[in-house]
Amino acid sequence: MTFINSVRGDSNKITLKKHDPPSPELLITDQDCISMAFLDTETTGIDWANDKIIEIAIKVVKVESTSGKILSIEGSYESFNDPEEDISTEITLLTGIDNKMVDGESVDWDAVDRLLDKADIIIAHNAGFDRAFVDRHSS
């Protein structure tokens, strides 16, 4: 059995690399299964203290510890969020998100918290960035 070790974007393509399962001594838990939350945010900029989330996506999956095999999807949440300020052209070009897409939209932070509470571990491409933004709103 193999599992996906990395995902990398290259010219609008995604490259998946398969690797052998981890050896038992490298596992982070002795549980048969763990729940992993994959988190991604899009924001109005990179300053977590002043910029705002304009989109959030979370997917929680149950993974078999010994093989890395995804057993089930435990929940997911996606939402745009109106930052109550104009999204810059630069951010729209970077994210594909414009003012019309977020107008009147908001994140249900209770739903986010319920989903993240299901996870043993939270994974994000740039975890320090995403966490700083989410921690401002999540309990």
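These legends go with a set of close-up views of a predicted model. Local features need pLDDT of at least 70 and side-chain atom pairs count only at pLDDT 80 or more, while totals for chains, interfaces and linings use all residues. Residues are numbered from 1 along each chain as its sequence is written, and side-chain values use heavy atoms, with hydrogens and water left out.

**View 1. An open sheet of four strands, in the order S5-S4-S3-S6.** Pairing here is mixed; two strands pair if DSSP finds at least two bridges between them. Strands (E, at least two residues) and helices (H or I, at least four) are DSSP runs, numbered from the N terminus. Strand S5 (70–80) and strand S6 (121–123) sit at the edges with a single partner strand each, so one side of each has no neighbour in the sheet. On average, neighbouring strands are turned by 20 degrees against each other, direction ignored. S3 and S6 run parallel, paired over three bridges, and Phe-38 stands opposite Ile-123 in S6.

**View 2. Helices H3 and H4 lying across the strands.** H3 lies across S3, S4, S5 and S6, at about 25 degrees to S4. H4 covers S3 and S4, and runs at about 80 degrees to S3. Axes are lines fitted to C-alpha atoms, for helices over the stretch in contact, and angles run from 0 to 180 degrees between N-to-C directions. Contact means heavy atoms within 4.5 Å. In H3, Trp-109, Ala-111, Val-112, Asp-113, Leu-115 and Leu-116 are buried (under 20% relative accessible area; exposed is over 50%, partly exposed in between; 1.4 Å probe, protein chains only). The buried residues of H3 pack against S3, S4, S5, S6 and H4.

**View 3. The largest nonpolar core, with 17 residues.** Such a core is a set of buried Ala, Val, Leu, Ile, Met, Phe, Trp, Tyr and Cys residues joined through side-chain atoms within 4.5 Å. Ile-56, Ile-58, Tyr-77, Trp-109, Val-112 and Val-134 touch the most other members. Strand S3 (33–43), strand S4 (53–64), helix H3 (109–117) and helix H4 (127–135) each give two or more residues, and H3 gives the most, with five. Leaving aside neighbours within four places in sequence, Tyr-77 has contacts that include Ile-56, Ile-58, Asp-108, Val-112 and Leu-115. A second, separate core of five residues includes Ile-54, Ile-87, Ile-91 and Val-102.

**View 4. Thr-43, a buried residue in S3.** Thr-43 has 5% relative accessibility. Its side chain reaches the backbone oxygen of Gly-45 at 2.5 Å. Beyond four places in sequence, Thr-43 is in contact with Lys-52, Ile-53, Ile-54, Ile-91, Phe-129 and Phe-133.

**View 5. The one aromatic pair in the structure.** The rings of Phe-129 and Phe-133 have centres 4.8 Å apart and planes at 50 degrees, so the pair is tilted. Rings of Phe, Tyr and Trp (its six-membered ring) pair if their centres lie within 6.5 Å; planes under 30 degrees apart count as stacked, over 60 as edge-to-face and the rest as tilted. Both residues lie in helix H4, four residues apart, or about one turn of the helix. Phe-129 is partly exposed at 21% relative accessibility, whereas Phe-133 is buried at 1%.

Methods
A polar contact is a pair of N or O atoms within 3.5 Å; within protein, one must be able to donate a hydrogen and the other to accept it, and residues adjacent in sequence count only if both atoms are side-chain atoms.
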